Amino acid sequence: MWGWRSVSVATLCVALSSAWPAPAAEPVGQAVVIKTEVTGQSGPIEVDTKVHRNERIKTSQSGLGQFLFRDGTKLAVGWGSSVVIDKYVFDDSQSVKKLTIRAAKGTFRWVSGSSNSSAYQILTPAGTIGVRGTAFDFYVGPDGTTAVVLLNGAAQFCGPGGCRQLQQRCDCVVAKPNGNMSAARRVDPSVLETLGNPRALPFLSGNQRLSGGIGMLGGCNVASVAPDRKERNRPSPPSSTEPAPNPQRQDPPQRQAEPQKERPATPDKPDKPDKPHHDKPDKPDKHDGRGRHEHHDQHDRGDHRDRDRDHDKDRDHKRDRNHGKGWGLNRNR
């Protein structure tokens, strides 16, 4: 009888537990930047969407998501990536006791928050990244090959082949799941060839742009081989040739200036008043006319003088006749 009662109570407890809603997953942060397509456990993730513990975040081949955790930790998830927020234990002092993420594949940037460095741990197929209060980029290839590039602070990578310390900016290590691991050395473009993917470190090469303070980190001489970096270098020759067209653009003003200078010079075209010079042949005619006129004037003057002489002779003759008459009269008296 007690057995039946025990079974009945157990059945009731199971029924109640199944009917009771499961507690919601704990939110651990939120999305601050989303580009193209980023999805979570509940579907597409948008800006200000909450992300939760044990949630898998995926990005499309052109996707990008930037996430801010409660303690200030920042995580950028680049294109073609998959990552799970594995553990997140938060305390009351605005820091975490444990934050572990499991990166399956893709490209990432990590910037530590206000929690102790020992609280952070990143798991990859080739080994574990230990954070020492730092910022770094890392890449996980389809075969599990992992590359870590230090940007600030310090970090270590430990795998089957041992551990490597990253202590200087741009230090890099490449590790494979089988334990093969390179020595820590400064990153250069050959790392992309080793990884067999020119898109492996897009935040360093500049193929993907990050927003805010997390985007200020980068460089390390990887950008020189990135496709869009080459495109930036290609315009540089045209920019160097741009000064050449400028003088050509200045030529038209000079050509326009020359006609303006010719306009004052063209007033010499008043030499076309040379046409009056063509009239000058007529002037000799005028001179001839004047000559003729003067000749006639002289001839008229001559005639006038002759008339005056004749008139004077007539006057003298009359005077003599009158004088003679007067003399004769006087003589007769």
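## The main core

Of the 37 residues in the largest nonpolar core, Trp110, Phe136 and Phe138 touch the most other members. (A nonpolar core is a set of buried Ala, Val, Leu, Ile, Met, Phe, Trp, Tyr and Cys residues joined through side-chain atoms within 4.5 Å; buried means under 20% relative accessible area with a 1.4 Å probe, protein chains only.) Strand S9, residues 96-111, gives the most to this core, with six residues. Strands here are DSSP runs of E, at least two residues long, and helices are runs of H or I, at least four, both numbered from the N terminus.

Now zoom in on tryptophan 110. Skipping neighbours within four places in sequence, its contacts (heavy atoms within 4.5 Å) include Leu99, Ile101, Tyr120, Phe136 and Phe138. There's also a second, separate core of 23 residues, with Leu64, Leu151, Ala200 and Leu204 among them.

## About the model

This is a predicted model, where local features need pLDDT of at least 70 and side-chain atom pairs 80 or more, while totals for chains, interfaces and linings use all residues. Residues count from 1 along each chain as its sequence is written, and side-chain values use heavy atoms, leaving out hydrogens and water.

## Strands side by side

Follow strand S14 (residues 155-159) and you'll meet two antiparallel partners: S11 (residues 127-131), joined by four bridges, and S15 (residues 162-166), joined by five. Strands pair if DSSP finds at least two bridges between them. Glycine 130 is bridged to glutamine 156, and cysteine 158 to cysteine 163. S14 and S15 make a hairpin, with two residues between them.

## The whole chain

Zooming out, the chain has eight helices and 17 strands. Buried residues make up 32% of its 333 residues.

Definitions and conventions: Buried < 20%, exposed > 50% of the residue type's maximum accessible area, 1.4 Å probe, protein only.
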